Amino acid sequence: MDFQTRKNMKEKMAFGALRLFSFSIIAILFFILGYIVINGISVVSFDFLTKMPEDGMTKGGILPAIIGTLCLMVVSLAIAFPIGVFSGIYLNEYIKDGWFKRFINLMTNNLSGIPSIVFGLFGMQFFVNQLGWGDSIIAGSFTLAILVLPVIIRTTEESLKAVSNTFREAASGLGASKWQTTYSVVLPIGMPNILTGLILSMSRVSGETAPILFTVAAYFLPQLPHSIFDQVMALPYHLYVVATSGNNITESRPIAFGTALVLIFIVLVLNLLANWLRKVLGSKVKMN
Amino acid sequence: MILNKVEAQDLHLWYGDFYALKGINFSIKKNTVAALIGPSGCGKSTFLRVFNRMNDLIDNVSIKGQALIDGKNIYGKELRVDELRKRVGMVFQKPNPFPKSIFENVAFGLRVNGIKHKTYIEERVEKSLQQAALWNEVKDKLNKSAFELSGGQQQRLCIARALAIEPQILLMDEPASALDPISTAKIEDLIYELKQEYTILIVTHNMQQASRVSDTTAFFYLGELIEHDNTKKIFTAPDKMQTQNYVTGRFG
């Protein structure tokens, strides 16, 4: 075999192997998704989405868990988004490179490395007990907010970093202050990416179980919340409950899969929305 | 004696350890165009940015010596940077309109400087777009996004944006290098017109452009100002050999 043939053969083998591994990832993903759809689709119906759980959670719907998860997503992001975006702006636009910035970045990284159950424990002791909020949407949302804060700070910082310096120079060259420059030129250009980060953190929040375990999630609460100081059921925790500790696990197994399906659907819709937003808003502010 | 409009006296500038400008002495009169030429990295853009203190935005810059406008040191303590930048407009290498409408791009400089009077802003926007020879092309779509304009139109919009706050001096950093020949010709005609009212410093890599648009030309090399004289003299009979070699294309 001459050199050229061997070279071509190696190229084919490398290409084939890389393709095989990439395809196997897609295959695994589709297998899991398919498995959940097949096992869960039979229970998903209009009633399942709009009714309270019944008969020891072996029948009925999961409405309170859906509403609970949506409440947690909205409230926690309402808390985390302003704090995260303002911190990101501060880090990227205002402070110079140096030990202080490195220190904040280090702390942010550490924060994102903490296991989520630790946040749950902290939330229970601080928000639920010390501040006396009890098990409530507000206590759970604050706990979740702390969890996603590093993600939002980082996305904001990265989005602003990607904004070309020439815009900052043009604005300040016209006499704009730093805040005028940031607010009316830099932020609008970075916004599509920041919003994408926001939506991705929403999908992260929707799936977290540990932080809500001791701070808000109810085992069984067949009613909708009236205020942010009420307890709610939540999809991931409900999934855990019906899968492990219901009255009749075999009978509630399809409900578990149905719940998983709804949860995945919510995450999927959010991710698609993030993609779409980035495309639509991104094209509006793109350079020629 | 006519006062120099723009002047540098023994000006030194460092980016951290990098010695970028080495004792520059330079001056131009009111309503003239000075071209700054020289190979990449010679300090000509850095020098340009001294005069609206754009280098302030970069960390670790230190400056020694004096930069003066109308005989006043612009690095003096009593001078506010945003006041300075109202008097010194800048146009950049690549067109960089803001993600706003055509109208709001031009009005931006007025708004950030606290001007709220609606009819005054409208007048200034129209006047500036006319000065930038763009008014006829955009007068029916002032509320459209600036990104819908062509590259050449965007650059003229950026010039209008700089003119709106009525500066006395215009700094242009290779304003035509990203444009096609027709747009470039338009920008050059524009510079010739603007000279009647403004004092202009223009950085360019294009020798023909420098000889076409400028009254005086300054040749920079390795952070030093080698020679600054009438454009005609620089391009036909410069005093220094280095200048001669550069303008004839033997190096750089």
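Q: In what order do the six strands of the open sheet in chain B lie?
A: This is a predicted model, in which local features need pLDDT of at least 70, side-chain atom pairs count only at pLDDT 80 or more, and totals for chains, interfaces and linings use all residues. Residues are numbered from 1 along each chain as its sequence is written, while chains are lettered from A and ligands numbered from 1 in the order in which they are written. Strands here are DSSP runs of E with at least two residues, helices are runs of H or I with at least four, and both are numbered from the N terminus; two strands pair if DSSP finds at least two bridges between them. The pairing in this sheet is mixed, and the order is 6-7-8-3-9-10.

Q: Which are the edge strands of that sheet?
A: An edge strand pairs on one side only. The twist from one strand to the next averages 15°, with axes taken as lines fitted to C-alpha atoms (for helices over the stretch in contact) and angles running from 0 to 180 degrees between N-to-C directions. The edges are strand 6 and strand 10 (224-230) of chain B.

Q: Why is strand 3 of chain B largely enclosed by the rest of the structure?
A: A residue is buried if 20 or more other C-beta atoms lie within 10 Å of its own, exposed if 12 or fewer, and partly exposed in between, with C-beta atoms placed from the backbone. Both faces of strand 3 of chain B are covered, with B:Val33, B:Ala35 and B:Ile37 on one side and B:Ala34 and B:Leu36 on the other. Strand 3 (residues 33-37) of chain B is largely enclosed because the number of its residues that are buried is five of five.

Q: Which residue of strand 8 of chain B is the bridge partner of B:Ala34?
A: Strand 3 of chain B runs parallel to strand 8 (residues 199-203) of chain B, and four bridges join them. Four bridges also join strand 3 to strand 9 (residues 216-221) of chain B, again parallel, and there B:Ala34 has B:Thr216 as its partner. In strand 8 of chain B, the partner of B:Ala34 is B:Leu201.

Q: Which residue in the turn between strand 9 and strand 10 of chain B has a positive phi?
A: Strand 9 and strand 10 of chain B run antiparallel and are joined by six bridges. Among the facing residues, B:Thr216 has B:Asn230 as its bridge partner, and B:Ala218 stands opposite B:His228. The two strands form a hairpin with two residues between them, and the one with a positive phi, about 50°, is B:Leu222.

Q: What angle does helix 6 of chain B make with strand 6 of chain B?
A: Helix 6 of chain B packs on the sheet, where it touches strand 6 and strand 7 (169-173) of chain B. The direction of this helix makes an angle with that of strand 6 of chain B of about 170°.

Q: How many residues of chain A are in contact with chain B?
A: Two residues are in contact if their C-beta atoms, placed from the backbone, lie within 7 Å. On the chain B side, 22 residues take part, and helix 2 (81-87), helix 3 (102-112) and helix 6 (151-163) of chain B each give two or more. That side divides into 10 nonpolar, six polar and six charged residues, where Ala, Val, Leu, Ile, Met, Phe, Trp, Tyr, Cys and Pro count as nonpolar, Asp, Glu, Lys and Arg as charged, and the others, Gly among them, as polar. The number of chain A residues in contact with chain B is 20.

Q: Which elements do the buried residues of helix 7 of chain A pack against?
A: Helix 7 (residues 165-173) of chain A has buried residues including A:Phe167, A:Arg168 and A:Ala170. They pack against helix 8 (178-207) of chain A, together with helix 2 and strand 6 (88-91) of chain B.

Q: How far apart do the C-alpha centres of domain 1 and domain 2 of chain A lie?
A: The bounds, which come from an automatic or database domain assignment, are 1-40 for domain 1 and 46-285 for domain 2. Four residues of domain 1 are in contact with six residues of domain 2. The distance between the C-alpha centres is 34 Å.
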